[in-house]
Amino acid sequence: MIRGGNIGAMDVLLTIQQPVKTYDSLTNEQLKDSWATVTTVWAERLFPKVNGEKFEGDQPVNIGTYKFRMRYISGVTTQMRLKRGTEYNYITSID
C-alpha cells in the first residue's frame, strides 16, 4: 500500500528497463548494450521537469529531472532506466 498518496493520481505508465550486455561469440568483444523490459507500472509524477544544461565532452546536453511515486518493486537499481512513451529517463536515486 502506498502511504500518503492518491492511487488515482497514478496516471503515468512507466516501463522499467535494465541493461543487457551482449558479446560477440567469435571474438568475445562486447557489442552495443541493449535494454530489456523488467516490468511496466503506473506511477505519479510528483515534481515537474526542471530543465538545465550540462556539458559532456565539448557538447551541451539538455537535462531534466522528474520525481515519480510508484508501488515498491524489488530489485530496481540506479543502473536501470524508465521509458515513458518515447522518452527515456535514467534513475539517479531511489527513496
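Guide: By class, the lining of the largest pocket divides into 13 nonpolar, six polar and six charged residues. Here Ala, Val, Leu, Ile, Met, Phe, Trp, Tyr, Cys and Pro count as nonpolar, Asp, Glu, Lys and Arg as charged, and the others, Gly among them, as polar. The lining is made up of 25 residues, and Y66, F68, L82, I91 and S93 are the ones that lie nearest the pocket's centre. The space in this pocket comes to about 890 Å³. On a 1 Å grid over the protein atoms alone, a pocket is an open set of points where a 1.4 Å probe fits, with protein on both sides within 12 Å along at least five of seven lines, and lining residues have an atom within 4 Å of a point. Grid points are joined across faces, edges and corners, and the volume is the space filled by probe spheres set on the points.

As for where the lining comes from, strand 3 gives the largest share, eight residues. Strand 2, strand 3 and strand 5 each supply at least two residues.

A word on what you are looking at: this is a predicted model, in which local features need pLDDT of at least 70 and side-chain atom pairs count only at pLDDT 80 or more, while totals for chains, interfaces and linings use all residues. Residues are numbered from 1 along each chain as its sequence is written, and side-chain values use heavy atoms, with hydrogens and water left out. The mean pLDDT (the predictor's confidence in each residue, from 0 to 100) is 82 for the protein, and 79% of the residues reach 70 or more. Where pLDDT is low, the predicted coordinates should not be read in detail.

Now for the strands. The protein has five strands and zero helices, running β-β-β-β-β from the N terminus on. Both kinds of element are DSSP runs numbered from the N terminus, with at least four residues of H or I for a helix and at least two of E for a strand. Strand 1 runs antiparallel to strand 4 (residues 81–84), and three bridges join them; two strands pair if DSSP finds at least two bridges between them. In this pairing T15 stands opposite K83 of strand 4. Strand 4 is also joined to strand 5 (residues 87–90), by four bridges and again antiparallel, with R81 opposite Y90 of strand 5. The hairpin of strand 4 and strand 5 has two residues between the strands, and G85 takes a positive phi near 70° there.

Another positive phi, of about 60°, belongs to N28, although N28 is not a glycine. You will find N28 in the loop between strand 1 (12–20) and strand 2 (34–56). N28 counts as exposed because its relative accessibility is 59%, the scale being buried under 20% relative accessible area, exposed over 50% and partly exposed in between, with a 1.4 Å probe and protein chains only. Of the 95 residues of the protein, 18% count as buried.

That leaves the charged pairs. Side chains of opposite charge can pair when their charged atoms come close. A salt bridge here is a side-chain nitrogen of Lys or Arg within 4 Å of a carboxyl oxygen of Asp or Glu, and the count comes to three. One of them pairs E44 with R69, with the closest N and O atoms 3.8 Å apart. This pair links distant parts of the chain, E44 in strand 2 and R69 in strand 3, 25 residues apart. E44 is buried, at 15% relative accessible area, whereas R69 is partly exposed at 24%. K67 forms a salt bridge with D95, the closest N and O atoms being 3.2 Å apart. Here too distant parts are linked, 28 residues apart, with K67 in strand 3 and D95 in the segment after strand 5. K67 is partly exposed at 32%, and D95 is exposed at 83%. Finally, E87 pairs with R84 in a salt bridge whose closest N and O atoms are 2.9 Å apart, and E87 is partly exposed, at 28% relative accessibility.
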